[in-house]
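Please read this briefing alongside the sequence and the structure. It takes up a helix, a sheet and the nonpolar cores in turn.

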Amino acid sequence: MSVLGRRHPARRVWPPEDSILLRVAATGAVSTGIAACAAQGELSWNLALVTGALVVVGNAVSHLFRRRTLPPLKFALGATMVGAFAWFFFTVSAQASRGVLFSVEQPLAALFALMQAAHSFDVPSRRDLGFSLAGSATLIAVAAAQAVDLAFGLFVLTWAVFAALGLAAAWSSMAGVGRPRLRQVLLPAAAVAVVAAAAVALLPPPHAPSPAASALFGGSSGSAEPSHLAPAATAGAQRRAQPTGAANVGGYLGFAGALDTAIRPSLGNEVVLRVRADRPSYWLAETFDTWSGRSWSETGPRPGAPASRAGSDASGASGHNASGASGHIDNSAEGIAATNESSQPSASRWHTLDGGSPFLVEPALAGPPPPVPDGSEQAPLGASTVGGGGTSDYQTFYLATAASNLVLHASHASVVWFPSPRLYVSSDGTIESPETLGAGSAYSVLSTVTAPTPAQLSTANGRAGLTPGVLASSLELPRAYRRVGALARRITADRSTVYAKVTALEHWIATHTKYTTRIPPLAPGQDTVDQFLFVTRRGYCEQISTSLAVMLRTLGIPAREAVGYVPGRYNPITGLYDEQAKDAHAWVQVWFPGYGWQSFDPTAFVPVTGPNPGTTLAHDILSALRRIPVAPTAPIAGILALTAFALWWRRRRPTSWRAAVTRELERAAHRAGIASTPADTLGTLAAHIDAVLDGRETDTSTAGGSSAVGSSAVAVAAAAERAAWQSVDPDRATARRHVRHARDVRRAVGARTQLRAKFSSARRSSPGARGR
Amino acid sequence: MLAAWFTVAHDSGAGWVQTIGALVAGALVVGLVAPLIAVLRLRVRVVSNPADALARVPATLQVSLSAPAEVRAVHPPGPVALSGRSPSTALEVVPARRGVVETCTLEIASAAPFGLVWWTRTLTVPLARPMAVAPRVGTPAREVLDEVPDAPRLSAMRGRGTATRGARPYEPGDPRRLVHWPASAHAGRLMVRETDRQSPRTVAVDGTLPENPAAADEQAGRVLATVVELLGQGCRVQLRTVEPGRVVVDTVAGAATASRRLALALPRDDDR
């Protein structure tokens with residue numbers, strides 16, 4: 001057998017396409033692409049509705065006039081397309097003249113949508129509909145370029161269903177087999193899904209665009225307009241920072257200007273932001289250097305507009321979570337430490353970066369420069385050290401909810417692309433904006449990451465490099481922690497270097513404490529560190545990191561508290577880290593001369609307390625149930641229940657008139673209390689029923705006798721048996737009459753049984769009857 | 001193009017673009033590979049075909065395909081037919097020359113399940129029964145016909161004879177109309193006529209064909225036309241043809257027999 005494969009010649013005459021399914025599928029795919037573009041902000045909804053409607057109308061017109069050529073229509077379509085192209089080039093040229101090249105996507109999406117709408121009026125043949133399907137792929141890809149969450153999967157799924165239906169319908173039309181069967185759609189679709197999954201799994205995951213690309217697309221430092229953003233932040237470029245009154249704190253009170261360890265919000269699973277980064281890092285929000293015994297705060301005045309930070313503080317103090325995150329305040333008795341609400345940046349601590357994005361953060365502004373020691377790039381510090389290797393880390397943060405005005409970043413930020421005319425940079429590396437950002441905003445940060453080796457850190461001891469003010473604040477304690485100091489000295493008695501002491505304390509905490517978020521509230525006057533180290537030994541990141549920081553300070557080692565986000569779940573589809581509210585975290589930064597502030601996360605080693613499986617499961621189930629939206633779920637559940645009931649009823653319903661007769665007679669026998677055996681025929685059963693109706697004892701020999709209902713059970717049973725054995729079915733009216741008679745028999749038996757029961761009970765209750 | 005797509009998606013960090021690219025790639029891969037699998041798995045069978053056909057005249061084969069596909073006869077050639085979902089497909093073939101066709105070479109094509117790429121496969125399947133393709137009837141050979149002078153036009157009672165030879169006594173079973181009444185009256189018992197039987201003229205036609213296939217077809221057409229003409233004149237035709245492995249000299253009963261004999265005829269008999 002010779003197997004030769006070759007392509008058919010492309011020169012084919014394409015006849016008018018009659019398949020309505022193919023046309024509907026192509027229309028659906030294009031409409032889905034347009035809707036996806038609108039959902040991602042690439043198209044205005046008005047334009048999307050207009051073009052979507054035109055696509056539907058155009059395909060209908062094409063189907064109706066598929067066997068005719070309409071020269072005026074073709075001329076009009078050509079003119080429309082030329083006009084669309086002209087508009088596109090004019091728009092792009094106008095934007096380019098202003099130096100805004102990155103926002104070409106919107107005009108491009110509008111052009112694609114207009115072209116599809118125009119094209120839909122001239123799709124008489126199968127090949128034209130194929131072009132429509134291909135065009136829908138372009139539209140959905142344009143939308144996908146801006147999608148950062150899994151919700152976009154609904155559009156992709158809908159589009160894929162339409163595309164699979166369209167392709168299957170195209171082949172069915174070619175082969176002349178009419179409408180494709182479900183199997184012909186599902187099997188190839190499953191094969192496509194397998195191949196696509198393999199491709200996604202085998203191909204390297206997408207990574208963040210390089211800063212070079214950012215500069216190329218308009219992120220150059222020469223840009224002076226505040227609205228200019230890096231391309232990675234284009235989704236947010238159209239949604240400028242919103243100076244909303246109540247700043248959001250992302251469900252975590254540590255972002256509110258102070259960190260009160262006595263207050264524990266219940267952080268939920270809601271995604272608050274997504275991060276595209278070269279590598280997972282601890283994304284820093286801010287640091288605290290002043291410890292009061294139960295809360296952390298910052299030294300010195302705060303910068304920024306009152307609307308942002310003041311609102312933020314107010315939000316935190318009142319215990320309200322403006323983000324709508326699932327958080328609530330477990331212990332709101334204690335207010336957080338009051339912060340300085342000065343509306344002007346302090347010249348001593350905060351520096352203002354003007355001029356718009358991108359903002360170059362000079363190392364001198366954000367504290368001591370992070371040197372890059374030789375050989376440190378590929379040598380991670382160890383499991384406890386936060387931060388990865390390498391020298392640069394490019395991150396883009398997509399906000400899923402309104403956020404505070406803290407600019408997250410990994411390690412030391414060097415360049416920030418942010419939709420704000422100015423930024424404030426603290427000497428401790430904290431970056432703030434004068435405005436808060438709303439959901440859908442985005443910004444990018446280029447960080448410098450150092451990873452000194454343990455050996456290098458072991459040689460870095462002392463306090464060199466710190467200014468007296470910073471040194472004082474990073475060693476300051478509200479009182480003499482004698483017990484804590486004694487404990488710290490005992491743990492680090494045989495350690496000489498700072499690094500060895502830090503690791504020894506981490507090890508002790510890991511072996512002597514447990515992690516849990518369910519701790520009793522801190523009573524007034526109690527100290528968080530004392531309670532944690534000497535009473536409960538239970539706590540979460542804030543208690544654990546605070547205890548390490550305080551122990552280090554009692555040893556004379558400069559340390560401070562840092563808050564931010566740990567890397568959340570990596571989404572292989574979007575290539576983003578989904579940061580949930582519960583990913584907010586606190587850790588410790590320790591000063592190493594020559595290497596700057598190095599992060600340590602003692603919480604990572606603390607084992608979790610043994611959970612109660614039942615309680616945990618019940619809690620999780622209740623939480624999941626609470627999150628189910630009632631509005632869309634209830635109708636779907638109702639429809640499913642009705643469908644299940646209809647299927648059950650359909651299955652239970654007799655399939656023929658003989659089955660109906662049999663069921664009625666069996667019910668009648670059951671109601672009359674006739675004990676039947678499996679060997680009884682329907683006729684035998686009917687004879688018993690007739691006997692009961694006639695008031696006789698059971699006698700099968702009397703089968704065929706008349707009954708009180710005018711039609712004996714035996715007669716009906718005989719008709720059913722005759723039809724079953726002789727395969728002779730009566731006409732429909734007769735069959736219906738047999739069923740009706742069987743039902744009459746059943747009712748008569750029921751009435752007679754009730755009557756008999758009534759009489760017998762009356763007889764029992766009558767004195768005369770009792771005497772007889 | 002897909003590589004460029006993936007590169008852009010990868011370097012721009014757009015995971016959904018990569019996903020959609022993977023879906024498109026999956027559709028293309030399935031659309032490319034599945035038709036090949038489909039044509040390889042396709043089972044084709046000729047369910048029925050006519051026993052006789054005429055050169056350059058379409059004959060219809062009934063072909064059964066295990067899946068919807070496009071089918072076309074390559075040898076003998078024919079137009080394209082779509083199988084659809086029917087159990088068998090009518091496939092026209094147009095034999096170019098006379099002969100006996102026992103197999104048919106078909107080209108089957110499929111683009112299942114998406115219609116993106118067509119794959120074809122050529123295979124030879126046996127016919128349900130051999131199909132004898134007769135030559136097209138040509139011009140009769142005048143020289144042969146002219147050699148049959150006064151060819152008698154036989155009556156409807158052809159072969160039974162009409163000239164009375166004598167009479168014999170009636171025997172049970174003799175037709176009633178053969179009763180010879182004068183002889184019966186003369187003999188005093190029933191007598192029946194005896195007639196002389198007249199044999200038709202037997203004409204031998206040489207169906208030996210030349211080597212050249214085209215000339216052989218032309219010659220076969222002439223022979224067939226001659227035989228048909230002679231048969232029409234009531235002659236008994238003895239046709240001599242060379243068939244595979246033997247030389248056949250036999251009387252032909254009719255045009256159909258002559259056609260089959262000439263379909264089987266080989267060009268020469270030098271080796272036999």
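Which residue follows H21(A), and is its phi positive or negative? Ser727(A) follows H21(A), and its phi is positive, near 55 degrees.

This is a predicted model: local features need pLDDT of at least 70, side-chain atom pairs count only at pLDDT 80 or more, and totals for chains, interfaces and linings use all residues. Residues are numbered from 1 along each chain as its sequence is written, while chains are lettered from A and ligands numbered from 1 in the order in which they are written.

**Helix H21**
- Helices (H or I, at least four residues) and strands (E, at least two) are DSSP runs, numbered from the N terminus.
- H21(A) covers residues 713-726 and reaches 20 Å from its first C-alpha to its last, close to the expected 20 Å (1.5 Å times one less than its number of residues).
- Buried residues (20 or more other C-beta atoms within 10 Å of their own, C-beta atoms being placed from the backbone) in H21(A) include Ala713(A), Val714(A) and Val716(A).

**Sheet**
- Three strands form an open antiparallel sheet in the order E1-E5-E4 of chain A; strands pair if DSSP finds at least two bridges between them.
- Strands E1 (258-260) and E4 (290-291) of chain A are the edges, each pairing on one side only.
- E4(A) and E5(A) pair over two bridges, and Thr290(A) has Ser297(A) as its bridge partner.

**Nonpolar cores**
- A nonpolar core is a set of buried Ala, Val, Leu, Ile, Met, Phe, Trp, Tyr and Cys residues joined through C-beta atoms within 7 Å.
- The largest has 205 residues, of which Cys37(A), Ala144(A) and Val416(A) touch the most other members.
- Helix H6 (residues 152-175) of chain A gives this core its largest share, 15 residues.
- Another core lies apart from it, with 26 residues, among them Leu665(A) and Leu685(A).

Key: A residue is buried if 20 or more other C-beta atoms lie within 10 Å of its own, exposed if 12 or fewer, and partly exposed in between; C-beta atoms are placed from the backbone.
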